Amino acid sequence: MSTTAALPAATILGYPRIGADRELKRAVEAYWRGASDASTLREQAAALRTATRQRLTALGLTEASSVPADFTLYDQVLQVTATLGAVPARFRDLLGADPTRPGAVDLDGYFTLARGEGERPAMEMTKWLDSNYHYLVPEIDEATPIDYVETTIADQVREAVAVGVTPRPVVVGPVSYLLLSKASDEAGEDFHPLDRLGDVVDAYGHLLADLQAAGAQWVQLDEPALTSDAWDVEQGRILAAVRDAYTWLGAVVERPAVLVAGTYGSLGESLPVLASTPVEAVALDLVAGSVPPAQELAALEGKAVVAGIVSGRNIWRTDLAAALDTLEELRAALPEGTAVSVATSTSLQHVPHDVERETALDPAVRSWLAFADQKVGEVLTLARGLAQGREAVAAELARDAELRAERAAHPGVNRPEVRSAVAAVTDADRTRAPYAERKAAQDERLGLPELPTTTIGSFPQTAEIRKARAAHRRGELDAAGYDAAMRAEIARVVALQEELGLDVLVHGEAERNDMVQYFAELLDGFSATEHGWVQSYGSRCTRPSILWGDITRPAPMTVAWSSYAQSLTDKPMKGMLTGPVTIMAWSFVRDDVPRAQVADQLGLALRAEVADLEAAGIGVVQVDEPAIRETLPLRREDRPAYLEWSVGSFRLATGGAAPATQVHTHLCYSEFDVVIDAVDHLDADVTSIEASRSRMDILPAVAAHGFERQLGPGVWDIHSPRVPSADECTELLRRAVDALGIERVWVNPDCGLKTRAYPETEASLRNLVEAARRLRP
Ligand code: MET
Ligand SMILES: [Zn+2]
């Protein structure tokens, strides 16, 4: 590297890829269906990139290297896997599909990695840090090919340069890539993906050279994994990896300047290590993290600093005055003359595009929000304020202060009756009768056999259900017609469960489009958006609700459906609620009160719902908390406080239930072992978890922990259309019985059935019931 171009004064660390109207989703899904061909898809993707570049330029990101080049057709981690040709052994034949690019997958191969094919399961998907985005987990072993084999990332740079824009390519950095990987099934006993750091860094060296050749002046290497200290490898080894990787990459002769981005939290001990390497700039997340101590900042002498001060995670306007305070504090603590750029804290991929389009939203609420495009404006404003002084942005500061005051004074934001109800909560409200007493009362009331069978709640969402919901939304089906359609569906699902011989029935959740949105629409304090889509994974998007006010429950939310369902059967009907933590995790949550306050407000609303279900004669209530694991803080020291309020809110929701009411909870896609203690503290009578894919591996840990209540480790992996045989279910169940004792085991699938079709649902449930019967004494 000869000369380093200055970093732009304002930039963003990434931008949503899916398109303001989900163009990418439509384009790739049409391709998958065979409704378009590869060249059409490539053209559509290029058009989307062009539109994004033009949009960002029009919004004011006009300096060289201020527009990120971070596009990928599916996932940013998979993009690195493709770039390195680092595919799992079961997909190796896909390498070399394109003779012009030896060792690389082609377009179809890229999608096959993500989606699987025939007997070959897709690469595993898991949550990206503590966000709702899912990435594809690389599977690495001693023999995984790792090389610089494909040029998609550099091609994006060339494409932009050709139209006069110098973009800043964004790539997941080498250390995070390996920390986010898992050892493949073929790996040796002691292998850790970090063992391959040298090969990965070597490949990145070639990538950097190609980016330089393509015309990039800067490259951004995202190292979000460095802001967590909860990896399965010692911190010292991670720090050594950081030092080695960036010392080595710094020595690459032909390369752009390197910006290492520490996103989703503070870099902590990684910061001094990065400071000791030749990288040209470091990005700090000042939203999830904080301004580092002065002596660490002093070590950054000679490097540029990117200050991530506008949240890439939430949808609230930035408090501009407070942000300027932080930026000035940072600048004052840095060595004299350090260049400070203003940026978002993370990529904006977690937020929707443009709040201006939300014309149906209450204008007051809308005025408090900033989506991706508004955040670009905030970054530019703050950069101007930092460079020229507050007077230069006086109008923006005044407007922001005004909106902030309006928000604080809005009657829905602060409801005294809600605040005092939360303040009046006591420990007793979060405490049920001792388990032994509950167990006796529930056994007597429910009279269930040993190894009781149940499902997790939802039944397949058929085309008819979706049609009825859509017609109702469009006003073509009136409330009575919609109600009748849902009741007919409930009756069908109840009859099916009776025929299958299940013991605890569900109403099937036909009326729910989504397990969080359903409640958000019925509670006060939430708003929905029309266009607020964010990428969840691949082509899948969600439209999170906005939780902006104090929460109240104007009317019962589930009682009519559950009691209708109960009226159709003598078997116990399970009422079905979504827990406070999951409602929060899958919504955009207000930033003006502590999360513990919000959680307790939700807890109280759900507590009232539980009471109404009980009053309607429902004897079993399930409160789903699948998200309790995914919002676990990235740093261990922050976890106890989180678990305290999150567990507390669940207990508030369920703590009023009578001893004879059986409380269930359900967790899925979770590494159950890390939260086992917290789950134990939920004090649910029955907990269902995901366990079939891991062949019940979790059970010894559960048994060792001394988790004493009932557990339903899933015996059917509902994420796949495969029907497990009765033998297979029996075998899994036998393991569960051996580990836990027959009196504690429930028999259920891994998760809800709403994404499944009826044929495999019926066949699988039949086998599941059969397995329980075989093992009953
Ligand atoms: C993601 S957990 C899903 C739980 C919900 N009760 C269902 O069955 O769909
Ligand atoms: Zn689930």
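Which residues does UniProt place under the feature "binding site" together with Gly457 in its unreviewed entry? The record names Ile456, Gly457, Ser458 and Asp624. Because they span 169 residues in sequence, yet no two of their C-alpha atoms are more than 11.7 Å apart, they gather at one spot. UniProt positions are given here in the numbering used for this structure, feature names are shortened, and annotations may be inferred rather than shown by experiment.

This is a predicted model, in which local features need pLDDT of at least 70, side-chain atom pairs count only at pLDDT 80 or more, and totals for chains, interfaces and linings use all residues. Residues are numbered from 1 along each chain as its sequence is written, while chains are lettered from A and ligands numbered from 1 in the order in which they are written.

**Around ligand 1**

Of the 13 residues around ligand 1, the ones that come nearest are Ile456, Gly457, Ser458, Pro626 and Gly752; a residue is near a molecule if its C-beta atom, placed from the backbone, lies within 6 Å of it. The shell holds six nonpolar, four polar and three charged residues, where Ala, Val, Leu, Ile, Met, Phe, Trp, Tyr, Cys and Pro count as nonpolar, Asp, Glu, Lys and Arg as charged, and the others, Gly among them, as polar.

Gly457 lies in the loop between helix H16 (435–446) and helix H17 (463–474), and Ser458 also has its place in the loop between H16 and H17. Helices (H or I, at least four residues) and strands (E, at least two) are DSSP runs, numbered from the N terminus. Leaving aside residues up to four places away in sequence, Gly457 touches Val506, Glu509, Met576, Gln622 and Gly752, and with its own neighbours within four places left aside, Ser458 is in contact with Gly508, Glu509, Gly752, Leu753 and Lys754. Two residues are in contact if their C-beta atoms, placed from the backbone, lie within 7 Å.

**Burial of annotated residues**

A residue is buried if 20 or more other C-beta atoms lie within 10 Å of its own, exposed if 12 or fewer, and partly exposed in between, with C-beta atoms placed from the backbone.

| Residue | Other C-beta atoms within 10 Å | Class |
|---|---|---|
| Ser458 | 22 C-beta atoms | buried |
| His719 | 18 C-beta atoms | partly exposed |
| Arg540 | 12 C-beta atoms | exposed |

The unreviewed entry also places "binding site" at Lys25, Asn132, Arg540, Cys541 and Trp586. Asn132 lies in the loop between strand S2 (125–127) and strand S3 (134–136), and, apart from neighbours within four places in sequence, Asn132 is in contact with Ser536 and Trp586. Arg540 has its place in strand S14 (residues 540–542). For "active site", UniProt lists His719, again from an unreviewed entry, and His719 lies in the loop between strand S21 (710–713) and helix H26 (726–740).

**The two domains**

The chain is divided into domain 1 (23–409) and domain 2 (436–775), with bounds that come from an automatic or database domain assignment. Taken over C-alpha atoms, the centres of domain 1 and domain 2 are separated by 34 Å. Between them, 32 residues of domain 1 are in contact with 25 residues of domain 2. On the side of domain 1 that touches domain 2, the elements that give two or more residues are helix H1 (23–33) and S2, and the largest share, three residues, comes from H1. The residues of this side divide into 15 nonpolar, eight polar and nine charged.
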